[in-house]
Amino acid sequence: MPNTINIPTPLRPFTEKKEAVEVSGATVGELLADLTKKYDGLRKHLYTDEGKLRNFVNVYLNDEDIRYLQKEQTPVKSGDTLSIVPSVAGGTVDGYGD
Amino acid sequence: MALSLGPGVDAAIRAHGVETYPNECCGALIGRDGVVVTTYALPNTTEEGPRRRFLVRPSDYQEAEKRAAQAGGDLLGFYHSHPDHPARPSQYDLDHAWPFFSYVIVSVREGVSEDMTSWRLREDRSAFDAEELTHA
């Protein structure tokens, strides 16, 4: 049985407007890799140039933040659901020196 | 690209920015087909100093998506204020931006709202492009 990843609104243009995508893999990282293999345009919005998940990209395995599990190494079971949930952040020019 | 603000939306964003001044406000833009029908004010949960930062935490983001669905619309983006700073996006805004969302920024100077602008992240994440802001 494949796993499902729930896709937030701003990433759905990359997934043919699908709200959920079926993927397969043994860990959270493998599910995400399967997702970006299917929809390559997602990669730069999920990962930094160094290949790390961006810090405003939150990934939940069922209802648990993977940061409090084993992050991308967290094993997944058949039927588990991943959710990508944005944090939205910003601010003024101060503080970054520009 | 253009974003149209429905009746009362411009005033609601400005009022929120004035209310939270000198801190930043933030909220969701809900509507359809490029027209914002309503806003959903959200708490600024940043721990980095709310005068210069805002943060919509994941649980509030999910609530905003739910509200949009309940209203029969889409989440079109987010607004926030720049207290005593211009209504243009910062590098910090760019680093944290999501594609396809509209980012409305209102400048609030000394407690009075001034310019309001809207921006979209460029496809390659290299910059924001200004989008025309109109009133429906």
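Colleague: How many helices and strands are there in chain B?

Modeller: Chain B has three helices and eight strands. Helices (H or I, at least four residues) and strands (E, at least two) are DSSP runs, numbered from the N terminus. This is a predicted model, in which local features need pLDDT of at least 70 and side-chain atom pairs count only at pLDDT 80 or more, while totals for chains, interfaces and linings use all residues. Residues are numbered from 1 along each chain as its sequence is written, and chains are lettered from A and ligands numbered from 1 in the order in which they are written.

Colleague: In which order do the elements of chain B run?

Modeller: Starting at the N terminus, the order is β-α-β-β-β-α-β-α-β-β-β.

Colleague: How do strands of a sheet pair?

Modeller: They pair through backbone hydrogen bonds, in either a parallel or an antiparallel way. Here, two strands count as paired if DSSP finds at least two bridges between them. In chain B, seven strands close into a barrel with mixed pairing, in the order β1-β3-β2-β5-β6-β7-β8. From one strand to the next, the twist averages 40°; axes are lines fitted to C-alpha atoms, for helices over the stretch in contact, and angles run from 0 to 180 degrees between N-to-C directions.

Colleague: Which strands of chain B does helix α1 touch?

Modeller: Helix α1 (residues 9–20) of chain B packs on the sheet and touches β1 (2–5), β2, β3 (35–42), β5, β6 (102–109), β7 (112–121) and β8 (128–135) of that chain. Its direction makes about 50° with that of β6(B). Two residues are in contact if their C-beta atoms, placed from the backbone, lie within 7 Å.

Colleague: Over how many bridges do β2 and β5 of chain B pair?

Modeller: Strands β2 (residues 26–32) and β5 (residues 74–83) of chain B are antiparallel and share six bridges. One to look for is B:G27, whose bridge partner in β5(B) is B:Y79.

Colleague: What share of chain B counts as buried?

Modeller: Of its 136 residues, 45% count as buried. A residue is buried if 20 or more other C-beta atoms lie within 10 Å of its own, exposed if 12 or fewer, and partly exposed in between, with C-beta atoms placed from the backbone. For chain A, 30% of the 98 residues count as buried.

Colleague: And A:D63: buried or exposed?

Modeller: A:D63 counts as exposed because it has 7 C-beta neighbours inside 10 Å. You will find A:D63 in the loop between β3 (57–61) and β4 (64–65) of chain A.

Colleague: What does the rest of chain A look like?

Modeller: Chain A has two helices and six strands, which run β-β-α-α-β-β-β-β from the N terminus on. Its C-alpha trace spans about 50 × 30 × 25 Å along its principal axes, and that of chain B spans about 35 × 30 × 30 Å.

Colleague: How many residues does each chain bring to the contact?

Modeller: Chain B brings 27 residues and chain A brings 21 residues. On the side of chain B that touches chain A, β4 (53–56), α2 (58–70), β5 and α3 (91–95) each supply at least two residues. The most come from β5(B), with five residues.

Colleague: Which strands pair between the two chains?

Modeller: Strand β6 (residues 88–91) of chain A pairs with β4(B) in the antiparallel sense, over four bridges. To spot this pairing, look for A:V88, which has B:V56 as its bridge partner in β4(B).
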